[in-house]
Amino acid sequence: MTAQTDTTGSVTTVYKVSGMSCGHCEGAVSGEISQISGVRSVTAVASAGEVTVVSATPLDDEAVRAAVDEAGFELAGKA
């Protein structure tokens, strides 16, 4: 359960999300998380149940949880 800072000054964090099963699910989760301040990119993969988020600084886990909840899914933690 770690976030990694890369050489570009951004933080990459992989979250586990329960309930995603298709491209629509990926889009819903990505859309909500991308609205969090500081998020640079979001890649959701339903088949893996993972969402990779690149942000300027580490994100508040509760903000990510709220975004995932808003999309209708459950944040299971960090991968």
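Modeller: Here is a close look at the helix pair, with a word on confidence to begin.

This is a predicted model, where local features need pLDDT of at least 70, side-chain atom pairs count only at pLDDT 80 or more, and totals for chains, interfaces and linings use all residues. Residues are numbered from 1 along each chain as its sequence is written, and side-chain values use heavy atoms, with hydrogens and water left out.

The pLDDT (the predictor's confidence in each residue, from 0 to 100) averages 92 over the chain, and 90% of the residues score at least 70. Confidence is highest in helix α1, residues 23-33, at a mean of 98, and lowest in strand β1, residues 3-5, at 59. Helices (H or I, at least four residues) and strands (E, at least two) are DSSP runs, numbered from the N terminus.

Now the pair itself. Helix α1 packs against helix α2, residues 61-71, at an angle of about 140°, and their axes lie 8 Å apart. Axes are lines fitted to C-alpha atoms, for helices over the stretch in contact, with angles from 0 to 180 degrees between N-to-C directions. The two helices are therefore oblique to each other; under 35 degrees would be roughly parallel, over 145 roughly antiparallel, 65 to 115 roughly perpendicular, and the rest is oblique.

Who touches whom? From α1 come Ala28, Val29, Glu32 and Ile33, and from α2 Val64, Ala67, Val68, Glu70 and Ala71, with contact meaning heavy atoms within 4.5 Å. Seven of these contact residues are nonpolar, none polar and two charged.

Technical notes:
Ala, Val, Leu, Ile, Met, Phe, Trp, Tyr, Cys and Pro count as nonpolar, Asp, Glu, Lys and Arg as charged, and the others, Gly among them, as polar.
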